[in-house]
Every structure is written in structure tokens, then in C-alpha cells.
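This report is written for someone meeting the structure for the first time.

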Amino acid sequence: MSGKDAAAELLTRAGLSVVGDWPVEEATPPYVAWRHVGAGTCAGMSERSGGSGGEPAVVVAADRHDRAAEVNAQWHRMASATGVLDEDGVFLIDFLGNRTGHWFRVRLTDLWDLAGVLGERPGPPEFVTMAPAGHALVGATTKAAGVCLVAVDRLRERREEAARAAAAETSEERVAAWESLFQGPQPTQKLLNAWARGLSLNAATPADLLPHLLERSTYALYRPMPAEVVDAMLAHPDWKRRASAAEVQPNISSEQWSRVILGEKDERRRRLLTMLAADRWAEIDEETCRRLAADPSPRVRSEAAHLRGLPASSAVVLAADPDDGVRYVACQAAWPYLDARAREALMADADGKVRRAARLLHHREHPISRSAYETLDVEPRTLEVCRLERDLAVPLARHGEYDLRRALARNLSLDADLVALLGDDPDPAVRFEVSIRADLTEEQRAGVRIDFDPGIHYNALDWVVALHEDHEAMRRLAASSHPLVRRSVARARHLPPDVVERLAHDEDRVVQLFLAESCDDAPADMLMRVWQWWDRQPEHARPSAQPPELSPAGPAAVRRRPEPAHAPTGPRRPPVHARTGGMPRPGPERRGALPGRLRPATVASGCGAAAGRPARQRPPRRRHPSPAAARRRRRGDRRPQPGAARRRRAPDGGADQSSRGE
């Protein structure tokens, strides 16, 4: 049973009817409400006495025989008096054991019993209720003396007052806050490790401190290190340390790549390091490329064929390598530099996979005929890049199987009439591929029927990203009817003011989210609006061009996150988070760190809301990929699996036929 279903079942047992949409959004988060309940402690208070700090509170003694009934009666009285119950009797509720982290919007039924059901176990109630408008709350928590009910009104005003006080913090108070970290018991190793992770990902952490953090956090590897530190990491006696540095350290020079790869005596490790350099698109000098292209190991030579900076002469040599696997990999890299005779030799190669790769490269420039298509073992994706003769393209577009039509819809050399035909395809996935083509006008795009699921993750469109610096193109595309086009526009780091205004009020909330995550020009009111409903890690955060200074409080504490994008942010001020090792929730509010974006009190208010709940600490994604997996990720490398002969329907809709391998 899901957390939502389990919570709904418990609420039903408590005599509550769930109403409206779920989850409840744009409301003060439950964890903030719980802090108010915890602040209104009833310790030392007699029954029906008032709470501290002007917050009305009631204690129902633990030894009362009718304790549950009395708690219910007192809660209803206080909820009615403070306006927690709206005119329709609807209110928001959260309770101990609710694993969803969201409010439920509910209404009382005739047989309701909050005190007897909502708690860690039947009897001791633990719940908090809030008005749908967010102006008041009433919570119940069980203490040794009994059940304490706390009512808090003027929630917004109280938060604003607290935020203003936090924003007005003096430098002396900030210093005292930092010093308080080291008073009392020494921090645990777990807490020290949490601090190291936060400091490793803080853009304001001094560079000379980063090497010292490596012993406690691998996150520091993702930050650019001084050259001497990188040298030490790449020369570390532990192979795993060397491999980790080669995989993620952004500040590896061409000379350092050469030393670490060529200095590795083990063939397997040398191959892995070469693969990492190729996957990271690292700059490798020509001499190193030539030496790797002449490596005794064919596996290393295969990886060398993918290196950036590989000289044309080395690529040509690899295309004539005695090992068929090397020739296969080098075929694509060498093709632009091969003369007609060398190309013909590859197309007549003794190895079938080399012949196939060469012929497909040939057909990127020369249209493939129907007869050649039927004799080649063509994967559907090859139809995206190969030129097709008309007598092949028409029957494929009209009668080809689903995967073939979908691949054909991505082919930018396809005739306009066939694009229009696929735009009216009965399969929605085919139509969707047509709808995101770069060569369509926005009028044509609007005419393609699509089934767009806003909950599915889509990557930004490459052709839109390539136009991010073109403001006129951004204006045109921001008005597109296609949500994915608008989402891709919102990923731009800078946009004209009129485009920002349009996207900030887009009907697709993911557009607003992407604008908050990616655009330096995102408006402050939208940042706070998105912050209220988005509770996950930002995926495309980019470091600020002017990162704020490290400060324990105030706007500078809400900072952009450095690369990698999936790492947790640091605490706003140490006394709140650092003692527990928790981290505030990262999100769009980090963009308020730039001067003039948000009022200090607004930032402090948003940070205060985030301070009550630790974020899910999601480490940067790391991998030590196998060479085969890395190859499959590379664009343009479509090596078929052994024995993967395909059967396809003939383009004209005739009987199935086996594709003949050579």
C-alpha cells in the first residue's frame, strides 16, 4: 500500500472525508506547522492554562478517563475560534505516521475521532490542523503531563516578523552563531562528514581547503582543484582513487591526461582511462593520441578512436587496423578523411559489421535504394540519418512498422510531404516526433495532434538549446503551442524580459520550474511561488557568475549550487542545521541570492520554512561504466548485438521477410 493510500485509510478511520485535489500545494508546509506546535510546549502548565509566547494552549491531563473525548472537544472549540475550519467545514491535516510529507484536505463526518486514531498508536494523539487559507493552526501533541493543544493565529504575520528579525541579524550575532557550533560536545564523525559534504559543494569554500575535505567527502572531487592537487590525485597509489579523479575532476589538463594514461602499465586500466577521456570529451594532445592509436592492445586502440583531438592521419591508420573491432570503431571517425579507394575497401571489408558500418556511412551522403535497404541489416535508428530514395521513403512512411515510422519522423532530409503525412500518423508517438522537428514552422507544429503527458521527463530539444543566444528565436519559440519547445526555451540562462514574463506565467508549471532552475532572469515572485510546490532536487542548476559570499545567514546563505547538479546544498545558518547534519531543501529560492532579487525578509522567510526538514541527500551520480555501456551511449555508435538479425514488414505492406546479413 502506498503512503498516500495508508494515510487516507487512517483518516477514514478517524472519521474524516478527504476532499479536493491531492497533494495540497501552495500552503505552508506541514513541517513548518509542526515547529509552531513544538514551540508552544505545555511543560509545567496546568490543565486549561495558557501557552507561552502568547500562543493559546490547553493541556488535557493524562489520567483523565475521557481524555480522547476531551481532546476532541477542545480541538473543535479552538479550531472553530481560530478559523481553522472554513465556512464549509474543510481544513488541512497532517499527523505522525503520514509518510507522504503533504497535507490532506479533509472534512469531518458524523463519527469523527481525531484523538483516538491519529497518533503513533491509538490514544496519544499527534496531529496538526491548519486553515485552508493558511492563517491559523491548531495542533495536538502528547507530553508526560497529558495532551497539549496549541493554537496559533496570525501565521503569516508571525513568519514575517520572524523573517525580518532574522534578516536584521548583526555581524556579532553571526559570529556568535558560528562559534556556538563548537561549544559543548564534540561533533560526531557522521556530522563531520556531513559538514565536509556541504563545504565541498559550497562555491564560496576556499580552494586551499578542498584537498583537506577529500578524506571525508568524495564530493570535493567534483570541484576544480589546483594543478598540484590534481597531480597528486592522479598519481595516488590506490587505483580507485586515480579512476575516481579521472572520472569526475573537471580541472584535468591535457598534460595530466597524457601522464595518467600513458603511465598506466595495466592494459585494462589504460583502456578504462582512455575511455573516460573520450567520454568526457577531454582535450588530448596529438602525440598522446598517436601513441594510443599504436598501443599493443586492440582494446586501447578501439578507445583511442573516440578521442577528441585524434589526428586525421591516426584515424585513417586505425581504419586499416588488422583488428576488425578497431576498424569498426574507427570507421566513423576516419570516414571524412578517407579517399574513395579506402571507403570502397571498408564497404568490401571481410568483416560483416565493418561492411555494414561503412555502407551506412556511405548512405548518409548517397540515398539508399529500396533494394540496398532490403539487403542491409538496418536498425530503425539508422533511418534517422540515412538519405532515402523516394521509392523507399514513401512506402516506409505509409506502411512501415511503428519503430520505422518513428525513426523516419526524425530524419531531417525527409521530403516535406512525407513529414506532413507522418504528422497525421495514427500512432501518437510518431506524431510527437514530427511535432518536435526543427524545420517546422510554429503554425505547422500547432497543426500536429499530440498526446502530451506533463508528468513524463523529457530532455531539452537540442535545436532549441542551440538558439538560446538568439533572442528573436526565443521570443518566437516561447509562444509555441508545444510544451516541450517552451520548456526548452526556459532552460536558457538569459532571456529577454518579455520572454521571461510570458514563461513565468506559463500554463505548464514545468516551464516555470525550468525557468526557476536555469534562468538568471527569473522573477522573484515566481521563484517563491515555485518554491511552495516543488520539493525535489533541481536538476539543471548552474553556478552563479557572481556567487555570494559564504555567510551563516541572510540572502547570501541562499546560494546557487555548483556542479554537479544533484548534490545537496549547505545550511543557511549553523545553529539550525549543522548540529543535526541536516540540509535545507534545495530549490528555486537559491536564485534569490543575487542582489536585488528578493527582499532579505522574504529570503529569510523562505529559508526558515526550509530549515525544519532535512533534504534527501542525493550524491552526485558517479559511474565506472563498462566499455560496452560507454560505447552504446556514444552518439553515432550503433553496434548491433551478435545474431540480431531483424524481421520486418516489407515497406509496401507485403509479407514479412528476413533481412539478409552478409
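## The chain as a whole

Among contacts (heavy atoms within 4.5 Å) in the protein chain between residues at least 6 apart in sequence, 59% join residues at least 24 apart. The chain has 662 residues, of which 51% are buried, where buried means under 20% relative accessible area, exposed over 50% and partly exposed in between, with a 1.4 Å probe and protein chains only. Its secondary structure comes to 33 helices and nine strands, which are DSSP runs (H or I of at least four residues for helices, E of at least two for strands) numbered from the N terminus.

This is a predicted model, in which local features need pLDDT of at least 70 and side-chain atom pairs count only at pLDDT 80 or more, while totals for chains, interfaces and linings use all residues. Residues are numbered from 1 along each chain as its sequence is written, and side-chain values use heavy atoms, with hydrogens and water left out.

## Two nonpolar cores

A nonpolar core is a set of buried Ala, Val, Leu, Ile, Met, Phe, Trp, Tyr and Cys residues joined through side-chain atoms within 4.5 Å. The largest one has 54 residues, and those with the most contacts inside it are Met 225, Met 233, Trp 257, Leu 307, Trp 335 and Leu 346. A second, separate core of 33 residues includes Tyr 458, Leu 484, Leu 513 and Ala 516.

When neighbours within four places in sequence are left aside, the partners of Met 233 include Leu 214, Leu 221, Met 225 and Ala 245, and also Arg 241, Arg 242 and Gln 249.

## Helix H26 and its buried side

In helix H26 (residues 471-478), the buried residues are Ala 473, Met 474, Leu 477 and Ala 478. Because they cover an arc of only 130 degrees around the axis, they lie on the same side of H26, the arc being that of the directions from the helix axis to the C-beta atoms. These buried residues pack against helix H24 (442-446), helix H25 (462-465), helix H27 (483-490) and H28.

## An exposed loop residue

Asn 459 sits in the loop between H24 and H25, and with a relative accessible area of 60% Asn 459 is exposed.
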